[in-house]
Amino acid sequence: MKIVLSFFLMVIFTLHVSAQELQGKVTSAADSLPIEGVHIVNTSQNKMAISDEKGTFSLSVIKGDTLVASNINFNSKQFVLGNAEYLRITLNPAVIQLDEVRVSNLPETEADFRRKLVDMGEVENDNFVPFGMKPNKPKGKIPINYDPTYNNSLKYAVTKPISFLVKKISKEHKKKVKYYETVANQGNKIVNDKKYNPEIVKDLTGLEGDDLTDFIHFLNIDPAFVKRSSEYEIAAHILKEFEVYKTGRG
């Protein structure tokens with residue numbers, strides 16, 4: 001009888017602590033919209049899931065596990081899992097604090113500034129820092145092990161065929177590739193925003209309000225141009241187009 005009772009209690013305990021597949025959804029506290037690409041990590045079980053375009057996810061858990069939800073555009077959230085068959089996670093948008101990007105210490109007149117641009121000569125180095133501007137942060141980079149360009153190349157397939165096949169079918173690898181691509185893209189966006197933004201246009205042209213907005217629409221600068229150009233080239237382009245803009249308004 002004791003043996004049967006002990007076995008019965010052991011079965012109940014095993015069922016109680018066995019892992020379950022928890023379904024959930026992640027939304028933004030700002031607009032209640034679903035968030036794609038949130039990493040939900042079960043630090044107790046060393047498991048991870050990533051929310052899809054609908055914000056939904058599925059993760060293996062046990063009551064009492066510690067979960068961490070994180071996304072580069074939102075503040076992370078950590079909590080201990082209680083009794084939950086369906087988990088709703090709400091994240092607050094993160095405020096990305098950029099370094100100041102205003103052009104300072106400029107000459108008093110536009111003509112003086114244009115002369116200084118001409119005197120600078122041609123830019124041959126991406127590390128060149130124009131007059132009155134701060135250097136950019138490094139561009140976002142993807143680790144080579146998760147770089148699709150490298151991992152999908154013929155050379156990689158020939159030299160490392162096993163790794164090539166494993167990465168092709170590994171869901172975990174694909175999740176990490178997506179994560180690193182997101183981080184790199186965010187880093188590049190920050191760099192582009194520092195090279196070209198309304199404050200820079202305002203300081204170069206002296207325009208404000210609706211006139212500034214109208215001129216920025218007139219510029220219609222291609223993001224690809226901002227990415228490949230230096231701050232010097234962007235400033236020169238803005239001033240050149242400003243002359244055309246003033247002529248058209250005159």
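Reader: What order do the three strands of the open sheet take?
Author: The order is β4-β1-β7, and the pairing is mixed. Bear in mind that this is a predicted model.

Reader: Which strands stand at the edges?
Author: β4 (56–61) and β7 (86–91). Each has a single partner strand, so one side of each has no neighbour in the sheet.

Reader: How are neighbouring strands turned against each other on average?
Author: By 35°, with direction ignored.

Reader: Now β1 and β4. Parallel or antiparallel?
Author: Antiparallel. Six bridges join β4 to β1, which covers residues 20–28.

Reader: Which residue in β4 stands opposite Gln 23?
Author: Ser 58.

Reader: What holds strands of a sheet together in general?
Author: They pair through backbone hydrogen bonds, in either a parallel or an antiparallel way.

Reader: Switching topic. How many bridges are there between β2 and β5?
Author: Four, in the antiparallel sense. β2 spans residues 39–42 and β5 spans residues 66–71.

Reader: And which residue in β5 is the bridge partner of Val 41?
Author: Another valine, Val 68.

Reader: What about β5 and β6, parallel or antiparallel?
Author: β5 and β6 run antiparallel, joined by five bridges. Strand β6 takes in residues 74–80.

Reader: Where does Leu 67 find its bridge partner in β6?
Author: At Phe 79.

Definitions and conventions
Residues numbered from 1 in each chain as written. Predicted model: local features only at pLDDT ≥ 70, side-chain atom pairs only at ≥ 80, totals over all residues. Heavy atoms only, no water. Pairing = 2+ DSSP bridges. Helix = DSSP H or I, 4+ residues; strand = E, 2+ residues; numbered from the N terminus. Axes fitted to C-alpha atoms, helices over the stretch in contact; angles between N-to-C directions.
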